[in-house]
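Here are some notes for a colleague, to be read beside the model.

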Amino acid sequence: MSTTDAGFDERYLSGRELYGDDFVQAEIDAWFEDEREGFANLGSSAADGSGVDPEPQDEPGLCGYDAFNVRHAFRHLPSGRLGDALGIGSAFASEFWPISDRLDSLTVLEPSHQLRARRLGRLPLNYVDPVPSGVMPFDDASFDLAVSFGVLHHIPNVTKVVDEVRRVLRPGGYFLLREPIHSMGDWRQPRRGLTARERGIPRPILDRLVRERFEVVASTPIDFPLWPRLGTLDQKPNVLLDELLARAFSWNYRYHATTRSQKFRPRGMAMVLRRPTKS
Ligand SMILES: C[S@@+](CC[C@H](N)C(=O)[O-])C[C@H]1O[C@@H](n2cnc3c(N)ncnc32)[C@H](O)[C@@H]1O
């Protein structure tokens with residue numbers, strides 16, 4: 001369907017269907033190409049304009065979301081060693097700092113060649129390029145932990161990628177997921193500070209997608225629209241206030257807000273998921 005067709009709003013901006021998830025391969029390829037360095041080019045990159053890939057950073061800097069990620073994801077993991085981890089769209093892998101000492105290996109599936117580091121503490125980082133089809137170049141049951149913080153909404157074929165996460169996780173393995181669940185504006189127009197294609201995943205669609213494939217250990221509405229105006233989410237009190245407000249205003253959830261009052265609702269979900277031990 002063309003973005004100008006009558007019915008586009010009704011199907012996609014309403015949140016009834018996930019835009020991109022039903023694309024044919026040529027459309028997926030075009031989207032993937034736009035997003036390959038899309039996030040890097042927003043300003044967080046080390047690119048110097050020469051067109052040559054920059055050298056990876058030696059080590060990532062601080063993440064800035066540690067308190068947020070500990071509260072909504074890492075604290076739900078079992079204690080002790082966490083085994084082999086896969087970071088999907090983890091860029092420099094700084095989101096893994098809070099658990100870096102407990103990992104045996106870390107593989108990062110990341111299209112950008114600008115957002116790469118050599119190691120995380122004592123752990124060498126192994127980068128792998130994703131492919132547009134969403135098929136992950138790993139054997140079944142390769143990882144104990146997969147993390148995707150703010151990534152699936154950059155990908156058209158979300159269902160395929162979530163199927164792949166389940167396949168490459170070992171039975172009992174954990175999948176930590178954080179995604180926007182709002183439209184992020186009308187993505188048919190350029191939006192300031194956003195990549196060309198990113199769009200949130202409607203909450204009922206995200207819920208169904210994960211509940212059909214994983215056990216849900218925790219699922220938390222997050223990202224009430226106060227940040228960064230009131231502060232940042234790198235401090236525990238702000239993280240708790242954000243969760244409180246997001247939960248309190250869940251009743252007002254809608255995918256695409258068009259009035260001011262509609263905007264006061266959770267804009268994201270954080271989920272801790274587990275691949276069932278029996279399938
Ligand atoms: C919003 S950033 C999130 C980065 C990091 N996870 C964080 O929370 O700071 C989105 C990331 O997804 C990556 N990305 C885009 N398309 C992807 C794909 N098809 N597969 C894996 N990662 C992708 C981008 O390069 C970028 O690093």
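1. The largest cavity holds about 30 Å³ of space. This is a predicted model. One cavity of 30 Å³ or more is present in the structure. Its lining is made up of Phe-68, Asn-69, His-72, Ala-73, Phe-149, Leu-177, Arg-178 and Ala-270. Two elements, α3 (66-72) and β6, each give two or more residues to that lining. The largest share, three residues, comes from α3. By class, five lining residues are nonpolar, two are polar and one is charged.

2. In soluble globular proteins, nonpolar side chains tend to be buried together. Here the largest nonpolar core has 40 residues, and Leu-86 and Met-136 touch the most other members. Among the elements giving two or more residues to this core are α1 (8-13), α2 (25-36), β1 (83-88) and β5 (143-149). The biggest contribution is from α4, with five residues.

3. **Met-136 and the second core.** Which residues does Met-136 contact, leaving aside neighbours within four places in sequence? They are Leu-86, Ile-88, Leu-109, Val-161, Glu-164, Val-165, Arg-167 and Val-168. A second, separate core has 27 residues, including Ala-117, Leu-120, Tyr-127 and Tyr-174.

4. **Helical salt bridges.** The count of salt bridges is 23. Arg-36 pairs with Glu-33, with the closest N and O atoms 2.8 Å apart. These two are three residues apart in helix α2, so about one helical turn separates them. Arg-36 is partly exposed at 32% relative accessibility, and Glu-33 is partly exposed at 45%. Arg-247 forms a salt bridge with Glu-243, the closest N and O atoms being 3.1 Å apart. This pair lies four residues apart in helix α6 (residues 236-248), so again the separation is about one helical turn. Arg-247 is partly exposed, at 44%, whereas Glu-243 is buried, at 8%. Elsewhere, salt bridges with shared partners join Asp-9, Asp-186 and Arg-188 into one network.

5. **Sequence neighbours.** Glu-212 forms a salt bridge with Arg-213, the closest N and O atoms being 3.6 Å apart. Arg-213 is buried, with a relative accessible area of 14%.

6. **Asn-126.** This residue sits in strand β4 (residues 123-128). Asn-126 is partly exposed, with a relative accessible area of 40%. Not counting residues up to four places away in sequence, Asn-126 touches Leu-106, Thr-107 and Val-108. Arg-178 lies 52 residues from Asn-126 along the chain, and 22 Å separates their C-alpha atoms.

How values were computed. Residues numbered from 1 in each chain as written. Predicted model: local features only at pLDDT ≥ 70, side-chain atom pairs only at ≥ 80, totals over all residues. Heavy atoms only, no water. Buried < 20%, exposed > 50% of the residue type's maximum accessible area, 1.4 Å probe, protein only. Contact = heavy atoms within 4.5 Å. Core = buried A, V, L, I, M, F, W, Y, C linked by side-chain atoms within 4.5 Å. 1 Å grid on protein atoms, 1.4 Å probe; cavity = no way out; pocket = protein on both sides within 12 Å on 5 of 7 lines; lining within 4 Å. Points joined across faces, edges and corners; volume = space filled by probe spheres on them. Nonpolar A, V, L, I, M, F, W, Y, C, P; charged D, E, K, R; others polar. Salt bridge = Lys/Arg side-chain N within 4 Å of Asp/Glu carboxyl O.
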